Amino acid sequence: MLLSVCLLAASCALWPPAVRAASCEPVRIPLCRSMPWNMTKMPNHLHHSTQDNAVLAIEQFEGLLGTGCSPDLLFFLCAMYAPICTIDFQHEPIKPCKAVCERAKSGCEPVMKRYNHSWPDSLACSELPLYDRGVCISPEAIVKAEGPDSYNQDPSRCNPESNPDFPMDSNNFHCRGPNGDRCRCKTVRMGQKTYVKNNYNYVIRARVKEVRNRGLEPTAVVDVKEVLKSSLVNIPKETQTLYYSSSCLCPPLAPGEEYLIMGYENEERSRLLLIDGSIAQKWKDRMRKKVKKWDQILQSPPRQSRRSRH
């Protein structure tokens, strides 16, 4: 696997496994094996001398990762506990960018405070470099070379609607899903028949803040404006994270746009899901009335046939 790492003040380099520096070692931390790098160097930024020690330390964040509080949290933690090791930076492991830390902290510290915990001093964002003032890594700065194992991709390539400069019919549209297949979102037509058949767990009106396809799971961060239906998971009118089922980002969502979103829920993990059959249509006021009507039809008991009444 080739890895292209583009960093400020460093050239983009492609290098095969055989050329890696002798001081680098394969990433063995289970939580970090999904990262777009597979070589690290100890001691890490938290002064763990071995990966065995780092594993014990990073595992304390498993519960926080399970809340989905920030799509940047796993990337940030792995950049700290299993820092990327490249042929150009053998002496000092590359740190994550300050902005990555701040995004992870802003999303997850409120969750930690609910359990009387605060953001660890050892992960202080103030100690990290700014992207424009030094070498650091962020999800935006690492791009996997294309191939059948490509997973972390530029969201605008899998989600053309989020990039006005990338036309839908472009011959260059070669973003691939987790199995190496071309990303092709099936069009799900919004209508009464589809709504009744699919029996969605939740229906919301929401404005998209961010769509991310990097790290462990592709997600969309939205501001919920209105909850038209909820079943298993409580959905407050605030920022929520929606979890895609694949890296193809279907249905596509464009940051800054407001949508009617229909999807499913994972009650056990309190997650809102976007999977095959989910719908995202740009919001129009008349949709509210339609959804309420369809929901009444869905909830009403089936009519008996004349023959069954005799």
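Modeller: Gladly! The side chain of Asn 201 reaches the backbone nitrogen of Glu 265 at 2.9 Å. This is a predicted model, in which local features need pLDDT of at least 70 and side-chain atom pairs count only at pLDDT 80 or more, while totals for chains, interfaces and linings use all residues. Residues are numbered from 1 along each chain as its sequence is written, and side-chain values use heavy atoms, leaving out hydrogens and water.

Biologist: Why is Asn 201 called buried?

Modeller: Its relative accessible area is 17%. Buried means under 20%, exposed over 50% and partly exposed in between, with a 1.4 Å probe and protein chains only, so Asn 201 counts as buried.

Biologist: Where is Asn 201 found, and what is it in contact with, leaving aside neighbours within four places in sequence?

Modeller: Asn 201 sits in the loop between helix H6 (192–198) and strand E6 (202–212); helices (H or I, at least four residues) and strands (E, at least two) are DSSP runs, numbered from the N terminus. Its contacts (heavy atoms within 4.5 Å) include Lys 229, Leu 232, Tyr 264 and Glu 265.

Biologist: The structure holds 6 aromatic pairs. What makes the pair of Tyr 195 and Trp 294 tilted?

Modeller: Their ring centres are 5.8 Å apart and their planes at 45°. Rings of Phe, Tyr and Trp (its six-membered ring) pair if their centres lie within 6.5 Å; planes under 30 degrees apart are stacked, over 60 edge-to-face, and the rest tilted. The angle of 45° therefore makes this pair tilted. The pair links helix H6 with helix H7 (residues 286–299), 99 residues apart.

Biologist: And why is the pair of Tyr 200 and Tyr 264 tilted?

Modeller: The planes are again at 45°, with centres 5.3 Å apart, so the pair is tilted. Tyr 200 lies in the loop between H6 and E6 and Tyr 264 in strand E9 (residues 258–266), so parts 64 residues apart in sequence are tied together. Both tyrosines are buried, and Tyr 195, Tyr 200, Tyr 264 and Trp 294 form one aromatic cluster.

Biologist: How confident is the predictor in the chain?

Modeller: The chain averages a pLDDT (the predictor's confidence in each residue, from 0 to 100) of 75, and 71% of the residues score at least 70. Over residues 143–182 the pLDDT is below 50. Where pLDDT is low, the predicted coordinates should not be read in detail.

Key: A polar contact is a pair of N or O atoms within 3.5 Å; within protein, one must be able to donate a hydrogen and the other to accept it, and residues adjacent in sequence count only if both atoms are side-chain atoms.
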